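Dear colleague,

Please find the structure below, handed over for your use. My notes on it follow directly after.

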Amino acid sequence: ADKVKVGFLSTLSGPGAGLGVDIRDGFNLAVKQLNGKLGNLPAEVLIADDQQKPDVAKAEAEKFLKKEKVDFMTGIVFSNLMLAVGPQVFDSKTFFISANAGPSQLAGEQCSPYFFNVAWQNDNLHEAMGKHVQDKGFRNVVIVTPNYPGGKDAVTGFKRYYQGKAEEIYTKLGQLDYAAELAQIRALKPDALFFFLPGGMGINFVKQFVGAGLSKDIQLFAPGFSADEDVIKAVGAPMLGMFNSSHWAHDFDNAENKRFVAAFEKEYGRLPSLYASQGYDAALLIDAAVRDVKGKLDDKAALQKALEAKRFKSVRGDFRFNSNHYPVQNYVLRVIGKDAQGRVTNKTMGTIFANHADAYVSQCKMK
Amino acid sequence: MKSALYRQSARRRGLALAALLALAALPPLLQALGQDFYVSVAARILIFALAATSLNFIVGFGGLVAFGHAAFFGAGAYAVAILAERGVTAAVVAWPAAAALAGVLALLIGAISLRTRGVYFIMITLAFAQMIYYLFISLKAWGGDDGLPLPARSTFGPLDLKDDAVFYWVALACLAAALFVLDRIAHARFGRVLQGIRENESRMAALGYPVAAYQLACFVIGGTLAGLAGALIANHSLLASPNLLHWTQSGTLLVMVIVGGVGTLYGGFAGALTLLLLEELLTGVTVHWHAALGLLLLVVVFRAPRGVAAWLHGLFARGAAK
Amino acid sequence: MSALLEIRGLEVAYGQSQVLFGIDLTLAEGEVATLLGRNGMGKSTTLRALCGLSPAPAGILAGAIRFAGEEIAGRPPDRIGRGGIALVPEGRQIFANLSVRENLVAFAANRRGVAEPWTLDRVFELFPRLAERQQNMGNQLSGGEQQMLAIGRALMTNPRLLILDEATEGLAPLVREEIWQCLARLRAAGQTTLVVDKYVERLIALADRHTIVERGRVVWQGSSAELDADHGVWHRYLGV
Amino acid sequence: MSNEANGGLLAVAGVSRHFGGVHALSGVSLAVAEGEVHALIGPNGAGKTTLIHQLSGAQTPDAGTIRFAGEDVTRLPMHARVARGIARSWQVTNVFARLTALDNVALAVQGRQRDWGGSFRFWAPVDKERAIVDEAATWLAEVGLAGRESTVAGSLAHGEQRQLELALALATKPRLLLLDEPMAGMGPEESERVVALIEHLGRKVTLLLVEHDMDAVFRLADRISVLVGGRLICTGLPDEVRAHPEVRKAYLGEEMA
Amino acid sequence: MTQLILEQALNGLQFGLMLFLLAAGLTLVFGIMDMINLAHGSLYMVGAYLAAAAAAASGSFVVGVLAAVAGTAAVGALLEVTVLRRLYARDHLAQVLATFALILIANEAVRWVWGDQPVLLNAPEALAGPVEVAGFSYPAYRLLIIAVGVAVALLLYVVVAKTRVGMWVRAGASNREMTEALGVNVRRLFTLVFAAGAGLCALAGALLGPLLAVQVGMGESILILAFVVIVIGGIGSIRGALVGSLLVGVVDTLGRALLPWLLRGFLPAETASTLGPALAAILIYLLMAAILFWKPAGLFPARG
Ligand SMILES: Nc1ncnc2c1ncn2[C@@H]1O[C@H](COP(=O)(O)OP(=O)(O)OP(=O)(O)O)[C@@H](O)[C@H]1O
Ligand SMILES: Nc1ncnc2c1ncn2[C@@H]1O[C@H](COP(=O)(O)OP(=O)(O)OP(=O)(O)O)[C@@H](O)[C@H]1O
Ligand SMILES: [Mg+2]
Ligand SMILES: [Mg+2]
């Protein structure tokens with residue numbers, strides 16, 4: 001092939017747009033640093049907006065696959081969209097490098113040779129938090145999540161490693177006001193609280209939690225995506241002291257990460273979020289694999305091998321792909337504090353899991 | 001004696017037939033141009049055109065501004081997906097079942113909602129649609145917010161719906177049939193009554209018409225057709241998604257109807273075509289395409305106040321006059 | 001007496017169809033005049049044009065309307081209203097979502113500093129029925145009550161020129177009688193008034209001068225005495 | 001007058017209706033015989049329109065019963081009463097403003113045809129049903145709107161709309177016609193035409209007529225009922241009513257009589 | 001337990017008044033001027049963003065709120081003069097389309113100026129924490145919202161129901177032509193009303209910003225709730241909007257708090273935990289449908 005075509009499909013408009021935009025910016029940054037090339041071939045990155053709607057995502061994917069005949073696809077933020085788009089992508093033998101969505105179905109029974117995830121399996125960050133909360137000796141925990149399958153998965157992931165008492169509170173998806181839940185929490189008197197409220201929901205929840213004065217007695221825990229730079233930017237100081245789990249942080253001490261964070265700040269004038277790091281890694285993975293096969297993109301088997309080999313240095317340090325093409329990696333604990341310049345941001349505290357795999361890999365029939 | 005909005009003439013029927021033939025010729029044309037991909041896009045537009053047309057029947061002909069059409073659209077989609085999960089894949093069974101389910105739903109919702117009028121009607125239909133939406137995303141058995149995937153398109157006798165062109169023709173046939181039937185209804189006694197009700201409800205009651213019964217019938221006809229469109233969209237994207245039930249979907253369909261032309265036969269079609277094509281074009285040009293779309297919609301409101309269909313009609317008429 | 005109102009060659013159209021083809025009418029200060037004619041001949045259209053309510057898009061095609069020495073054709077209706085013309089429109093057009101009291105006080109004004117201005121009390125004195133219904137919404141009134149309210153509303157602005165378009169429609173005979181008497185009293189007090197109504201005999205007793213329109217043109221003009229004498233005119237133009 | 005046995009074609013017994021504190025109707029009882037022209041007069045706000053509302057089904061009374069041709073129709077919806085032969089006109093013009101005059105009346109004619117499904121006919125084009133159109137044109141001519149068929153109702157002059165209003169009611173071919181101030185807003189000539197029309201109708205249709213035009217009332221009415229303050233103060237022949245002192249005081253005034 | 005219920009009732013009150021702040025402007029423009037303005041939510045968003053920007057620049061929350069109200073009122077007036085004024089005479093559907101277009105444009109404009117990420121707007125330090133009320137602690141900021149909500153309700157009621165300007169506005173909405181003929185400049189009046197409605201939006205946005213998030217699209221989801229509120233109350237009635245807000249606030253809050261707990265009493269835990277939140281989510285829609293079933297024009301049918 002004389003060039004690499006990447007179909008970048010993500011949520012770029014509507015309330016969920018912030019995440020997709022970060023992934024896109026991370027991805028573009030990597031391509032830019034590689035002088036517009038991926039694996040020494042000129043890169044053509046086509047960008048499409050799925051509007052967070054499955055049918056739109058399917059239509060756009062179809063265009064990438066049938067019309068543009070892309071070599072790779074990436075970008076999708078939300079698992080339900082990934083599940084909707086997956087079959088047609090895999091049927092057309094196109095590689096999908098997921099920079100965020102990591103549904104359990106694709107890790108287990110529906111795993112595919114054409115699907116690679118450079119982020120995590122959806123449960124992982126919840127599992128890490130569960131483990132940490134368990135290890136710290138909390139035994140009376142309240143869990144808050146929206147009443148939809150993603151929320152239920154979070155509870156499952158958390159409880160996989162946490163064994164104490166857990167009171168579950170389900171909210172409406174897209175809820176804005178949490179006064180009722182907060183009153184309930186106050187009455188339950190837990191010693192820790194774990195919440196998974198994606199997007200703006202999390203922002204509102206944390207603000208109101210602190211405003212209600214609950215942060216004094218109850219320790220807050222959340223998966224990294226409820227406590228990343230985008231959320232911090234909107235909430236600010238009230239988030240100080242909140243614990244969260246991640247596979248990456250912008251203060252990770254390795255050369256690749258330092259380069260990435262500095263370049264990202266310079267390019268976009270804000271700190272990268274974990275989504276941006278995932279987008280960046282997705283581009284690096286493609287770059288390495290294309291180089292590996294010397295641009296022979298039609299040799300799908302070789303390309304798959306090259307992707308599996310993962311010959312690039314990730315900003316999160318090292319990781320490898322499991323047999324289901326999900327990462328086996330470390331998960332760390334972060335706490336929100338002030339950095340040297342006085343900015344409120346995440347600080348890495350230590351490792352929760354080392355070389356952690358997901359719970360579904362055994363159901364994957366691949367290989 | 002002619003009603004102002006529906007002027008049926010041999011010439012118009014001829015035009016419609018020509019348009020139908022041209023649309024039918026689209027897939028081979030696209031294939032010849034090496035743009036096979038757009039066959040599927042075109043099929044999607046036709047399906048939305050059917051959904052918008054069904055809503056236009058309720059809004060434009062029945063004078064009932066309903067904001068819960070997604071309920072029927074989505075119900076049709078889920079009916080097909082659930083049936084497919086149970087092994088019922090024959091279109092001749094599944095599609096009518098989907099339409100019927102949507103129709104029954106419309107009957108129930110309509111019977112309650114029709115106690116209200118105007119904005120209250122808008123909101124009560126929205127309320128019912130939202131209830132159904134939250135019901136579906138909470139129920140894991142039906143896929144929750146992941147939606148319910150279809151393993152494959154329905155089977156349709158000897159026709160292979162997996163072939164995008166064949167699927168397109170089936171969608172076109174459904175749309176054409178719907179337009180034909182609705183056109184007949186609009187010109188029949190029933191249509192005349194709806195027109196009267198739209199103009200002046202209390203007067204119609206005083207002329208002896210049981211107004212609510214007519215409105216309910218209209219609502220059910222629209223809902224049923226939306227169910228059929230839902231069955232088609234589920235087949236098209238191989239997914240019954242809760243997004244189809246969301247209020248924004250109702251909003252999109254309503255916007256299509258208004259853009260196309262409220263109460264004109266081809267309004268729904270014109271609206272779906274305009275909106276989806278604009279989306280297709282604009283997304284390629286700018287990430288701020290929503291703003292561009294907004295500006296274009298403003299242009300429609302002020303330059304084509306009766307919708308794109310009527311505006312085009314006017315252009316043609318003026319062209320013919322010259 | 002100076003001319004308070006002077007209409008010259010007024011032509012008005014609704015969209016494509018012209019309905020007034022040159023109406024001329026003058027009205028002196030303190031005078032009471034009528035506009036007569038069969039249904040659909042253009043009486044209301046004339047009155048509405050006078051108030052600035054001419055129909056879009058075409059509206060006033062030609063003609064001049066001078067009121068109190070100023071050209072008012074083409075002015076927005078609110079300026080004309082503030083200038084002292086008040087209309088009792090046909091079909092009542094009271095504000096359905098305002099109470100009777102609000103309908104009256106919302107537009108009350110005494111811009112000319114009239115010595116004995118119309119007030120809520122005086123209107124209620126004229127129409128005791130309205131006093132009883134003070135708190136009711138406009139749309140809860142009977143047809144006749146609405147008509148009383150429309151008259152009261154116009155009076156409350158203490159206009160220089162009062163225009164009544166079929167203001168006695170739907171009023172009981174007794175009340176109608178009271179309106180005539182009230183108009184007579186107003187006339188005595190110097191109120192300039194332009195009336196459209198179908199009770200020709202009463203109008204002859206009340207008004208000074210009469211103008212008859214037929215298909216948008218003035219076909220007859222004269223004093224009460226002249227009209228009273230010429231029953232041929234009645235028959236020809238008014239169908240009586 | 002065959003229905004005399006059960007109180008006439010229309011028998012109203014003890015009908016009351018209040019709005020908040022306003023007692024618009026208090027225990028009104030009234031019988032209208034078949035074929036009669038019955039006038040209902042009274043001061044403004046006496047409750048005449050309110051009574052018409054109760055009879056036509058636009059509102060339902062708080063108390064009392066309404067029997068039509070022997071059947072209790074007190075709680076029937078409006079359209080069901082029309083089906084039984086009660087039609088009305090409105091005091092405030094209420095027509096299909098954006099339809100042509102002819103379309104207006106055609107709807108009324110079509111509404112009358114209740115054979116097999118009535119207007120629940122989804123297929124046959126109504127434009128082909130000449131009978132409906134022709135009859136509608138006849139009704140327009142009858143009320144004096146010949147030549148105005150294709151004018152949009154909203155742009156008819158006020159008086160013409162009143163005529164159309166009447167045509168709509170007539171075209172439902174009622175047994176009982178409730179007319180609420182049909183002459184209001186019409187000039188003398190048009191009033192005269194309507195009076196003649198009603199005189200002519202009077203032989204075939206029972207009429208309950210609300211009107212403030214006393215010339216018309218006394219010329220047309222077989223009997224007159226007088227409402228004052230929501231109560232029926234008398235019913236009788238025109239001359240009796242004209243002479244009734246209370247009626248003169250509350251309504252007619254002295255010189256009217 | 002009683003304390004929990006008391007706190008929840010207070011929460012309901014607060015949530016209701018929060019909705020009222022938004023619904024008030026909506027009912028003014030929609031109920032009284034008979035104009036469906038979907039872009040109401042966009043004005044709310046613009047208000048919140050302006051407040052955040054002004055607060056950040058000046059370092060004072062109060063300055064932020066005032067600047068937002070003034071700025072958004074100006075934006076509203078501009079919008080009215082350029083676009084919305086041409087829509088009064090059009091039907092509701094044209095208004096829906098045009099104001100929907102405005103939403104799209106507003107969202108992109110805000111995204112263009114402030115970026116995709118939510119922006120920071122926090123309550124003033126003094127109100128950030130909880131205060132002791134009747135034996136339990138309650139967020140001070142929420143008490144402020146209650147106070148402002150009540151004040152706005154009173155003010156609006158007086159202006160609309162008792163002043164001549166209020167009467168003119170209502171008259172202008174019901175019969176514009178006649179109102180003009182009686183000497184009122186309806187055109188200018190409506191611009192003012194619209195600006196006032198926009199100012200109210202901004203007040204809501206600025207006050208709710210610290211509680212909720214200031215982000216693109218924040219207006220749409222809450223707009224639906226605002227519509228629910230005014231429809232329950234009866235469109236155009238300030239009193240109705242207040243009652244509707246409180247009803248929605250209390251029912252929603254109590255429903256969320258009590259339903260799962262109640263259901264657990266007589267259903268298996270698994271079913272209760274799915275059904276409870278699902279029911280709670282649709283509770284306000286059920287409430288609206290039920291109210292409209294029995295009172296098809298809302299609780300306080302507008303007087304007109
Ligand atoms: N809105 C309108 N659009 C088009 N034509 C109209 C409109 N209003 C009135 N007309 C026409 O203008 C002519 C004059 O109407 P106008 O209302 O001035 O008559 P009028 O003398 O007041 O009659 P009436 O005694 O019935 O009130 C009529 O032929 C009528 O059909
Ligand atoms: N919806 C309502 N709410 C409150 N009061 C009402 C309502 N409808 C009518 N009324 C009152 O009931 C009384 C009777 O009204 P109705 O319209 O029946 O009078 P009417 O006899 O027809 O008078 P007119 O001759 O003036 O038309 C009036 O005083 C009126 O104000
Ligand atoms: Mg007139
Ligand atoms: Mg009456």
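Which residues in H7(A) are buried? They are A:Ala179, A:Ala180, A:Glu181, A:Leu182, A:Ala183, A:Gln184, A:Ile185 and A:Arg186, where buried means under 20% relative accessible area, exposed over 50% and partly exposed in between (1.4 Å probe, protein chains only). Helix H7 of chain A spans residues 179-188 and is mostly covered, with eight of its ten residues buried. A:Lys189 follows H7(A) and has a positive phi, near 50°. Helices (H or I, at least four residues) and strands (E, at least two) are DSSP runs, numbered from the N terminus.

As to conventions, this is a predicted model, in which local features need pLDDT of at least 70 and side-chain atom pairs count only at pLDDT 80 or more, while totals for chains, interfaces and linings use all residues. Residues are numbered from 1 along each chain as its sequence is written, chains are lettered from A and ligands numbered from 1 in the order in which they are written, and side-chain values use heavy atoms, with hydrogens and water left out.

The metal site

The magnesium ion (ligand 3) is coordinated by C:Ser44 through OG and by C:Glu90 through OE, at 1.9 to 2.3 Å. This pair links distant parts of the chain, 46 residues apart: C:Ser44 lies in helix H1 (residues 43-50) of chain C, and C:Glu90 in the loop between strand E6 (85-88) and helix H3 (100-105) of chain C. Donors are N, O and S atoms within 2.8 Å of the metal (3.2 Å for Na, K and Ca); water is not among the atoms, so sites may look incomplete. C:Ser44 is buried, with a relative accessible area of 13%, whereas C:Glu90 is partly exposed, at 21%.

Chain C as a whole

Chain C holds ten helices and ten strands. The C-alpha atoms of chain C fill a box of roughly 45 × 40 × 35 Å along the principal axes. Of the 240 residues in chain C, 59% are buried. Among contacts (heavy atoms within 4.5 Å) in chain C between residues at least 6 apart in sequence, 68% join residues at least 24 apart.

Chain separation

Chain B and chain C do not touch, and their nearest C-alpha atoms are 16 Å apart.

Yours sincerely
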